[in-house]
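Let's work through some terms together. Each answer sets a value against its definition.

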Amino acid sequence: MSSVFTTELPVRWSDQDLNRHVNNARVVTLLEEARLAAVARWLGEDGIPDPARPRVVASLHLDYLRPIDHGPALTARVWVARVGGSSYTVAYELHQHGTVAARARTVLVQTDPATGSATPLPPAVREVLLALETPQPGEEPAPAGAGGRRA
């Protein structure tokens, strides 16, 4: 399985704003759609959102590099940038017109449904994510424990 998941995302007419490009908030929705498809591919049934084992977005960092237009294909590249004990970071690039239009990272945290507190990732999930870990496409992941704490 490739460590970088690639998918085409439809840009809907309703995604545009008055400036005739995709609204900044809609870009977040496109990232979510790409992440859900990637996680389902990587984790199978363990990647399907489930209230009994919630994983929540704890942070989102998004750089808008150029406007995204309605019409031309939008390609999302998604990969696991970091895996910790109770969280993992998903990185994204959105491409259009042959160039990167946006880059983003989300940190997802496994939580206990009763308390909402962070809890360790299930061992099978963590194992798959560690096998996919790619800090940047084309780079090799650092060995577990190297270069700092992995929470």
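Q: What share of the contacts in the protein with a separation of 6 or more do residues 24 or more positions apart account for?
A: They account for 64%. Contact means heavy atoms within 4.5 Å. This is a predicted model, where local features need pLDDT of at least 70 and side-chain atom pairs count only at pLDDT 80 or more, while totals for chains, interfaces and linings use all residues. Residues are numbered from 1 along each chain as its sequence is written, and side-chain values use heavy atoms, with hydrogens and water left out.

Q: What makes up the pattern of the protein along the sequence?
A: The pattern reads β-α-β-β-β-β-α. The protein has 2 helices and 5 strands.

Q: In what order do the 5 strands stand in the open sheet?
A: The order is β1-β3-β4-β5-β2, with antiparallel pairing. Two strands pair if DSSP finds at least two bridges between them.

Q: Which strands does helix α1 lie across?
A: Helix α1 (residues 24-43) lies across β1, β2, β3 (74-83), β4 and β5. Helix α1 runs at about 125 degrees to β2. Such angles run from 0 to 180 degrees between N-to-C directions, with axes fitted to C-alpha atoms, for helices over the stretch in contact.

Q: What about helix α2: which strands does it lie across?
A: Helix α2 (residues 123-132) lies across β2, β3 and β4, at about 115 degrees to β3.

Q: Why is Ala 81 called buried?
A: Buried means under 20% relative accessible area (exposed is over 50%, partly exposed in between; 1.4 Å probe, protein chains only). Ala 81 has 8% relative accessibility, so it counts as buried. Ala 81 lies in strand β3. Of the 151 residues of the protein, 36% count as buried.

Q: Which residues does Ala 81 touch, not counting those up to four places away in sequence?
A: Ala 81 touches Thr 89, Ala 91, Arg 105, Glu 133, Thr 134 and Pro 135.

Notes
Helix = DSSP H or I, 4+ residues; strand = E, 2+ residues; numbered from the N terminus.
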